[in-house]
Each structure stands twice: as C-alpha cells, then as structure tokens.
Amino acid sequence: MRMPRLVTRLITLAFVASLAACSTVGTPGVKNTSKTFTTVVVDAGHGGKDSGAYRRYGPPEKMVALDVAQRLEKKLRESQIKTVMTRDSDVFIPLNDRVAIENKQKSAVFVSIHFNDSRKRRARGFETYYHSGASFDLANRIQQKLMTIPNSSNGGVHTANFRVLRLADCPAVLVECGYLSNRSEGNQARDWEYRELLADRIAEAVVEQRYGSGVYRPSPEIAAQLRPPPGPANSNITPSGSR
Ligand SMILES: [Zn+2]
C-alpha cells in the first residue's frame, strides 16, 4: 500500500504545481518574468543572406533593424539591465538559434526588432506582436511608448505565431517599427536620429515594465523631440523643424 500512496501523492503534488504555474500565465511553459527579469535578449530581425524587407531607395530591413537593436541594447545597458544580442553584425542566424539564445537565459524577456513591408504603399504604423499572455503587458507598453512619437500611426498590438514568440519560455515580443514601403516611414527609417528615437521609446517601455515609471531618463535631445508643440502662449517662437 505504501508505494501507490506515494505515487498518488506525487501525482497530486505535480498537479497542484502545474496549476500554480498556469495561474498567472495563459501559455503553459512560459515563465512570467515580465516584472522580475534581469536580462533582455535583443533580437535584430533577419541578417546576412536574409535581407528582410527591401526597397531600392534605402537600406534593407536587416540593416535598420540591427541599428535600432544596437541602440536599444546600449540604452538598456546604461539603465543597468543585462543584455544579450542574438546578432551584433550582418550575419544570418536561423530562427531556431534565436529561440535557443532566448531560452538559455534564466530570467529574461525577449524583444525582436523588425520593420514592415506592404504592397499597399499607404500602409503605415507601428505594430507590436506577442504570443503568450505573459507577454501582453510588455507588448502593450512598447506600443504605447512608440505612440508618443509625434505624427506616429497606431497599427495596434496583436497576437502572432512567429516562431521566436511561440517557442519562447519567457515573455517575448516582436516590434514592427514602421513600414519601409511607406514613403514617410521609409524616409524616417533611413534617418539615424529617428532610429535613436525608436530605440529610446522601446528602452523606456522595457525599463518601465521592470522598474516602474519615472526611472528611465531619455537624453535631452530625445526629450526635446517628444515635447508637445508650443501652445498659443509661445506662438511667437518659431517651431524648429518638425520631424
Ligand atoms: Zn522582418
């Protein structure tokens, strides 16, 4: 009688443990580290033979995605957050290798940087994607911060089955930083100051997700760009170039 009782107890314990693990997260197997993470895995989309979205009049997606990812990584490090990059140069990294890097971290969130493309040249706007419920807060926060960029267009927060999101053990999001196929957003993506702004907005979202609001400090140049336009009281001041 002893063995079966022990087995029953173990099964009960395992069942209770699995319930506890699922109580806060919709997707089994995903650790909800969205408020406790120590590391951010920064993933620059595409690379090497995979150019991503490509337009004849500008750098391919793989280049601008890497640049935003590198700027984001630097800002996170400056905010005392550990970082891991899936690539730091123009190399091809298979999706499964990216998943392996994200799942090797003990306490992480994963942020993938992409730019969008469409045959409809009017398509524009930021979009943020997630898969597990544990990733929603971070996705939503990133989208909200991107929307503080003047004249930005909201493409919304959506679920997606992208492999780097679906197979992640940790909260994971994928950010589409605008459409290279759109004249206005494509021009902006070619401007390093604008890419710096994108990186800053995403960094603030990540830091706020971990440490709460008011902790992240954007550079004075960034803060000036995000300031609302002068009201009637300041109308004698000529607004400097609206970007
Ligand atoms: Zn892409």
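**Burial, salt bridges and a pocket**

Trainee: Why is R71 called buried?

Mentor: R71 has 19% relative accessibility, and buried means under 20% relative accessible area, exposed over 50% and partly exposed in between (1.4 Å probe, protein chains only). R71 therefore counts as buried. Keep in mind that this is a predicted model, where local features need pLDDT of at least 70 and side-chain atom pairs pLDDT 80 or more, while totals for chains, interfaces and linings use all residues. Numbering runs from 1 along each chain as its sequence is written, and side-chain values use heavy atoms, without hydrogens or water.

Trainee: What makes E196 and R71 a salt bridge?

Mentor: A salt bridge needs a side-chain nitrogen of Lys or Arg within 4 Å of a carboxyl oxygen of Asp or Glu. The N to O value for E196 and R71 is 2.8 Å, so the pair meets that cut-off. E196 lies in helix α7 and R71 in helix α2, so this pair ties together parts 125 residues apart in sequence. Helices here are DSSP runs (H or I, at least four residues), strands likewise (E, at least two), numbered from the N terminus.

Trainee: How do you know that R195 and D67 link distant parts of the chain?

Mentor: Their side chains meet in a salt bridge at 2.6 Å, N to O. R195 sits in α7 (residues 192–211) and D67 in α2 (residues 61–78), 128 residues apart. Both R195 and D67 are buried.

Trainee: What makes a residue part of the lining of a pocket?

Mentor: On a 1 Å grid over the protein atoms alone, a pocket is an open set of points where a 1.4 Å probe fits, with protein on both sides within 12 Å along at least five of seven lines; a lining residue has an atom within 4 Å of a point. For the second largest pocket, 16 residues qualify, with H46, D50, L95, H114 and L174 nearest its centre.

Trainee: How many of these lining residues are nonpolar, polar and charged?

Mentor: Seven are nonpolar, four polar and five charged. Nonpolar covers Ala, Val, Leu, Ile, Met, Phe, Trp, Tyr, Cys and Pro; charged covers Asp, Glu, Lys and Arg; the others, including Gly, are polar.
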